[in-house]
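User: I should like to learn how to read the features of a structure such as this one. Please take me through them one at a time.

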Amino acid sequence: MRKVVLFMSVSLDGYFEGPERDIGWHRVDEELHLHLNRVIAPLGGLISGRVTHERMAGFWPTADQAPDASPAVVEFARIWRELPKTVFSRTLTHADWNTTVLHEVTPAAVAALTAGKGGDLALGGANLAETFLRLGLIDEYRLYVHPVRLGRGRRLFPATTESTDLTLLETRPFPNGVVLLHYARTPVSSANAAVPE
């Protein structure tokens with residue numbers, strides 16, 4: 001069974017984008033980009049919402065043709081084009097670049113995706129992540145914490161009355177100050193389950 005892994009860059013104070021969808025504060029240098037390429041290339045596919053997909057599709061199909069494209073950009077353009085992509089959208093009817101459009105996020109639809117062959121699935125986009133979180137459909141979190149405090153914008157994790165226990169799988173600092181925090185959702189064991197009184 002493939003896992004759904006949330007990939008997200010966040011500020012130190014928990015924002016995934018600043019005001020007016022600003023992500024100019026991301027510190028993705030060549031070393032971090034090459035790391036991301038190595039992690040994403042073996043995945044079985046990318047899952048996103050319409051906004052994230054359209055942002056990606058507006059840049060990556062031809063990014064490697066730019067004269068000043070770095071090796072990491074050239075490599076990721078190929079990776080992005082070749083990976084199967086699933087877009088959850090109520091308004092899209094068709095998307096190019098090896099993309100399937102689904103209209104509703106349901107446990108059954110996600111179970112069908114994770115039952116497929118290949119590597120794990122990367123989830124991107126905070127709107128979609130919020131829905132996956134609410135339905136308990138995220139298995140792992142790969143959060144890239146950038147050394148900036150935004151103070152305003154849109155937080156990655158919405159307020160909730162429920163908590164989720166996580167197990168730390170990996171940490172990795174990068175020379176540019178970004179730190180990877182990689183967690184898995186901790187399975188609920190029968191020993192930890194609440195005993196009715």
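User: Does His 53 count as buried or exposed?

Analyst: Relative accessible area decides this: buried means under 20%, exposed over 50%, and partly exposed in between, with a 1.4 Å probe and protein chains only. His 53 counts as buried because its relative accessibility is 6%. Its place is in helix H2; helices (H or I, at least four residues) and strands (E, at least two) are DSSP runs numbered from the N terminus. The structure is a predicted model, in which local features need pLDDT of at least 70 and side-chain atom pairs count only at pLDDT 80 or more, while totals for chains, interfaces and linings use all residues. Residues are numbered from 1 along each chain as its sequence is written, and side-chain values use heavy atoms, with hydrogens and water left out.

User: Which residues is His 53 in contact with?

Analyst: Contact means heavy atoms within 4.5 Å. Apart from neighbours within four places in sequence, His 53 is in contact with Ser 48, Trp 80, Lys 85, Val 87, Ala 95, Asp 96 and Thr 99. Ser 48 belongs to strand E3 and is buried, because its relative accessibility is 10%. With the same exclusion of neighbours within four places, the contacts of Ser 48 are His 53, Thr 86, Val 87, Phe 88, Gly 124 and Leu 128.

User: How far can the predicted coordinates be trusted, and what is the mean pLDDT?

Analyst: pLDDT is the predictor's confidence in each residue, from 0 to 100. The mean for this protein is 92, and 95% of its residues reach 70 or more. Over residues 193-197, however, pLDDT stays under 50, and the model has zero contacts there beyond four places in sequence. Where pLDDT is low, the predicted coordinates should not be read in detail.

User: Which residues does UniProt list for a domain?

Analyst: An unreviewed UniProt entry lists residues 2-180 as "domain: Bacterial bifunctional deaminase-reductase C-terminal". Such positions follow the numbering used here, feature names are shortened, and annotations may be inferred rather than shown by experiment. In the model, residues 2-180 are 27% helix and 26% strand, with the end C-alpha atoms 21 Å apart.

User: What volume does the largest pocket have, and which residues are closest to its centre?

Analyst: On a 1 Å grid over the protein atoms alone, a pocket is an open set of points where a 1.4 Å probe fits, with protein on both sides within 12 Å along at least five of seven lines; lining residues have an atom within 4 Å of a point. The volume of the largest pocket is about 1600 Å³, the space filled by probe spheres set on the points, which are joined across faces, edges and corners. Its lining has 48 residues, and Met 8, Thr 52, Met 56, Gly 124 and Gly 125 are the closest to the centre. Helix H2 (residues 50-57) gives the most to this lining, with six residues. By class the lining holds 24 nonpolar, 16 polar and eight charged residues; Ala, Val, Leu, Ile, Met, Phe, Trp, Tyr, Cys and Pro count as nonpolar, Asp, Glu, Lys and Arg as charged, and the others, Gly among them, as polar.

User: Which helix gives the most to the lining of the second largest pocket?

Analyst: The second largest pocket has a volume of about 470 Å³. Of its 15 lining residues, Leu 133, Arg 134, Thr 160, Glu 162 and Thr 164 are the closest to its centre. Helix H5 (residues 126-134) gives the most, with three residues. The lining divides into seven nonpolar, four polar and four charged residues.

User: Which elements cover the buried residues of helix H1?

Analyst: In H1 (residues 30-40) the buried residues are Leu 32, His 33, His 35, Leu 36, Asn 37, Val 39 and Ile 40. Their cover includes strands E1 (4-11), E3 (45-49), E7 (140-146), E9 (166-173) and E10 (179-185), together with helix H3 (71-82).

User: Where is Leu 169 found, and is it buried or partly exposed?

Analyst: Leu 169 lies in strand E9 and counts as partly exposed because its relative accessibility is 44%. Beyond its neighbours within four places in sequence, Leu 169 is in contact with Glu 140, His 182, Tyr 183 and Ala 184.

User: Which loop holds Trp 97?

Analyst: Trp 97 is in the loop between strand E4 (85-88) and strand E5 (99-102). Its phi is near 65°, a positive value in a residue other than glycine. Asn 98, found in the loop between E4 and E5, is likewise not a glycine and has a positive phi of about 60°.
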